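Here is a brief report on one protein chain.

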Amino acid sequence: MAKSLITVLGKSDVLGSLLQIRTEIKTELDKQGLFARESESTIYTKLEEFVNNHDQGNDLGIFTLGTQLTRGLRLLRLLDAKYDVVVANPPYLSKSKFSEDTSWIFPDGVNELYELFIYRILDLVNFNGYFGILSAQNFMFISQFEKLRKRLIEETCLDAFLHLGSDTFADVLNALGFIALVGRSNKYFEAQKTSILRLERIPYKFKTVYTLNQPPKRIYHFDQRKFAAIEGSPMIYWWTESFRNWYLGADKVGIAVNGLQTCDNTRFIRMVWEKNILNVYIEKANESFTQVNKKWVPYIHGAKGKRWFEPLQIIVLWENEGKEIKERVKDIKGGMIKYPEYYFKQGIAYSDISVNDFVCRLRKYRCIFDVTGSSIFLPNPERVQVELSSKIIPYVSTALNPTIHNQAGDVRRYPIPVVENWQDYIERARVLYDEEFSRDETNVEYLYE
């Protein structure tokens, strides 16, 4: 048993305070066939008795083992104790950055090292104890951290945030500093609200001054229970009450899906002018659907600044309903043919990458869409295209996910604002883009004069 615990302690070289000592001890006890509950409660006493009885012995092996356990007992007690205050600045490293197998470090659903540390910190704090963490801000918003957000919202009393945002440190772009009061019994103080100092858009050279002075216009007081009102529980605290209520009551996009990933674009994708136009399936999106009987079909692949309407520029090999692509991707990790039921239907494609904006466009031609041409499918897509071109959408999108990526899970939560006279906007856009396309020699709609 002592040797097994030495093996457990050896993991501390890598895990440090992340070592779940109770879990590890229970695992070792189960392997030894010991009565776990009784052994867990007396493990430290038994180990100390072993050390005291063998530290002066003549058996070199036992003496060495006792010496190792003496050094490890203090660590065991430190890692198994509870604390009134825990303060930390966890390291920032993604699971994907490790070259070796990390399944023994990262539990299922956890992909960031700092996320793992936050869970550990919550386990180390006494009931009604305090924890302070300086951490990357992504866990406040991104969907992969939803489980962590719910635990913070439901099992702690969040006392104060210092929302630093980007341009905080020379080598760290997105950082969040906060101190929170922990309530482990789901008890929430009705009169308490989270106090938040928002400095995310303040330049680096002014952040210290703003932190010390705390200008009232940058301080928010928010009921943490309201975070859960929005799907995914993003920690959006700066919306006004009226805007939050409008968002909660508005219709949402609901259906946003990723498309095809060929795994070999060089083989399967071409520009439309590279192939005989007679071998390309060309059918206007607003016309009745006809059977696909051509070797090549229009393909939405990325945005590159396109908006309102998608021209026919890129085509993909789809002979025999994409037989070659299907054979190619079936055995390749990362290859996918997702949501084929939406292929050749009118929808709204949106940019995978955008900065402080949300750009979308309708199809002019029936087509297949790429994973980078993710699309929205709703009744009356022309109306939705106009509504999603509202300036409200970028404001919401950067709150739900402040990164540069428009994830399908986030797009599904975008509100659809009502726009009166939407027909006027779509017709004006159609006229302008028809004129623009007719002047582009690379476009199938080019008019020779």
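## Enclosed space

The structure holds 1 cavity of 30 Å³ or more. The model is predicted. About 70 Å³ of space lies in the largest cavity. Rolling a probe the size of a water molecule over the atoms shows where such empty space is left.

Which residues line the largest cavity? The lining consists of Pro298, Tyr299, Ile300, Glu310, Pro311, Leu312, Gln313, Ile314, Arg363, Lys364, Tyr365 and Cys367. Strand 10 (residues 296-300) gives the largest share of this lining, 3 residues. Sorted by class, the lining of the largest cavity has 8 nonpolar, 1 polar and 3 charged residues.

## A helix crossing

Helix 9 (residues 241-249) and helix 13 (residues 392-400) have axes that come within 13 Å. These axes cross at roughly 90°. Angles of 65 to 115 degrees count as roughly perpendicular, so helix 9 is roughly perpendicular to helix 13.

Which residues make the contact? Helix 9 brings Phe243, Trp246 and Tyr247. Helix 13 brings Ile392, Tyr395, Val396 and Leu400. By class, the residues of this contact divide into 7 nonpolar, no polar and no charged.

## The chain overall

How many helices and strands does the chain have? There are 15 helices and 17 strands. Of the 449 residues in the chain, 46% are buried.

Contacts in the chain were also sorted by sequence separation. Among those between residues at least 6 apart in sequence, 69% join residues at least 24 apart.

Conventions:
Residues numbered from 1 in each chain as written. Predicted model: local features only at pLDDT ≥ 70, side-chain atom pairs only at ≥ 80, totals over all residues. Heavy atoms only, no water. Axes fitted to C-alpha atoms, helices over the stretch in contact; angles between N-to-C directions. Helix = DSSP H or I, 4+ residues; strand = E, 2+ residues; numbered from the N terminus. Parallel < 35°, antiparallel > 145°, perpendicular 65-115°, else oblique. Contact = heavy atoms within 4.5 Å. Nonpolar A, V, L, I, M, F, W, Y, C, P; charged D, E, K, R; others polar. 1 Å grid on protein atoms, 1.4 Å probe; cavity = no way out; pocket = protein on both sides within 12 Å on 5 of 7 lines; lining within 4 Å. Points joined across faces, edges and corners; volume = space filled by probe spheres on them. Buried < 20%, exposed > 50% of the residue type's maximum accessible area, 1.4 Å probe, protein only.
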